[in-house]
Amino acid sequence: MSIILALLAALFASLTAILAKIGIENVNSNLATAIRTIVVVIMAFVVVVVTDQLNTVFLVSNQALLYIFLSGIATGLSWLFFFKALAMGDVSKVVPIDKSSVVLTIVLSFMVLGEPLDTFVITGGAIIALGTFVLIGKSEENKRFTGSQVYILYAILGAVFAALTSILAKLGLEDVDSILATFLRTIVILLFAWAIVFFQKTFKQMKQITKKGYIFLILSGVATGLSWLCYFAALAIGKVSIVAPIDKFSVVLTIVLSFLILKEKATKHVIIGGIIITVGTIFLIL
């Protein structure tokens, strides 16, 4: 069941990136993130009410609340960097870099959670790391993080905080229903995202967002909500070192959709890097 839920999470995660890319055209990335988070909070709240988990919020331990809070902050930072990178660069390059967080997640799951590292996990992680470097491309690697290349740095930072999110979430899910934990985390992210928006005063740009922009931001939020609900449900019953790699497999579908829907150029580095990342993910699942 954890594998099925992780695969569903990967499917919705791939749709999130594509819909978000369309929705954040000419929109401040932080403002777009804050708007999307409202949708995710509403979805999580509805699911919590329907599953009758709202009354158990007072039973959550202080330690679990702390990890859920830290996980929310890590997710918020990951989102901010990811969507900043997405607004500046191609989806087919930003998403694979972001999904390479699986390598750091595997290392942390071993160091922090004590999960075993077998040959397939180590090999898969190494192959994914190689695929990420190939995907960025030699010409991009040799350039400084200035101008149009700075999105790579943002994508890397997003990956680091994404890895921390999985570890902190796993610690916070101990004896806490995954749906309730997702709802609480999303509230933290909502407050965090809107605090940044008000600090930067970008909320004034809301009137400039087109109807099309709002529609795709809402759809992206719905896809994110579904992805999270599936992912954290899988995380609650499975191992981080298994669930996280399957979820990150969404990178392959995202690259394909970026070619088909966004008409991004299918460069040699992107295609080869995507194939290598796919092989690495298969090793992790085995």
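**The largest nonpolar core**

Author: In this predicted model, the largest nonpolar core has 41 residues, of which Phe82, Leu86, Val94, Tyr231 and Leu235 touch the most other members. At least two residues of this core come from each of helix 1 (2-23), helix 3 (62-88), helix 4 (91-99), helix 8 (150-172), helix 10 (211-237), helix 11 (240-248), helix 12 (250-260) and helix 13 (268-285). Leaving aside residues up to four places away in sequence, Phe82 touches Ala17, Val94, Val95, Asp98 and Tyr154.

The axes of helix 3 and helix 8 lie 7 Å apart, and the helices pack at an angle of about 160°. Angles over 145 degrees count as roughly antiparallel, and helix 3 and helix 8 are therefore roughly antiparallel to each other. Their crossing is left-handed. In the contact of helix 3 with helix 8, 21 residues are nonpolar, six are polar and one is charged.

Most residues other than glycine have a negative phi. Asp52, in the loop between helix 2 (29-50) and helix 3, has a positive phi near 60°. Asp52 counts as exposed because its relative accessibility is 54%. Lys201 is placed in the loop between helix 9 (178-200) and helix 10, and its phi is likewise positive, at about 60°. With 53% relative accessibility, Lys201 also counts as exposed.

Definitions and conventions:
Residues are numbered from 1 along each chain as its sequence is written. This is a predicted model: local features need pLDDT of at least 70, side-chain atom pairs count only at pLDDT 80 or more; totals for chains, interfaces and linings use all residues. Side-chain values use heavy atoms; hydrogens and water are left out. A nonpolar core is a set of buried Ala, Val, Leu, Ile, Met, Phe, Trp, Tyr and Cys residues joined through side-chain atoms within 4.5 Å. Buried means under 20% relative accessible area, exposed over 50%, partly exposed in between (1.4 Å probe, protein chains only). Helices (H or I, at least four residues) and strands (E, at least two) are DSSP runs, numbered from the N terminus. Contact means heavy atoms within 4.5 Å. Axes are lines fitted to C-alpha atoms, for helices over the stretch in contact, and angles run from 0 to 180 degrees between N-to-C directions. Angles under 35 degrees count as roughly parallel, over 145 as roughly antiparallel, 65 to 115 as roughly perpendicular and the rest as oblique. A crossing is left-handed if the near helix is turned anticlockwise from the far one by less than a right angle, and right-handed if clockwise. Ala, Val, Leu, Ile, Met, Phe, Trp, Tyr, Cys and Pro count as nonpolar, Asp, Glu, Lys and Arg as charged, and the others, Gly among them, as polar.
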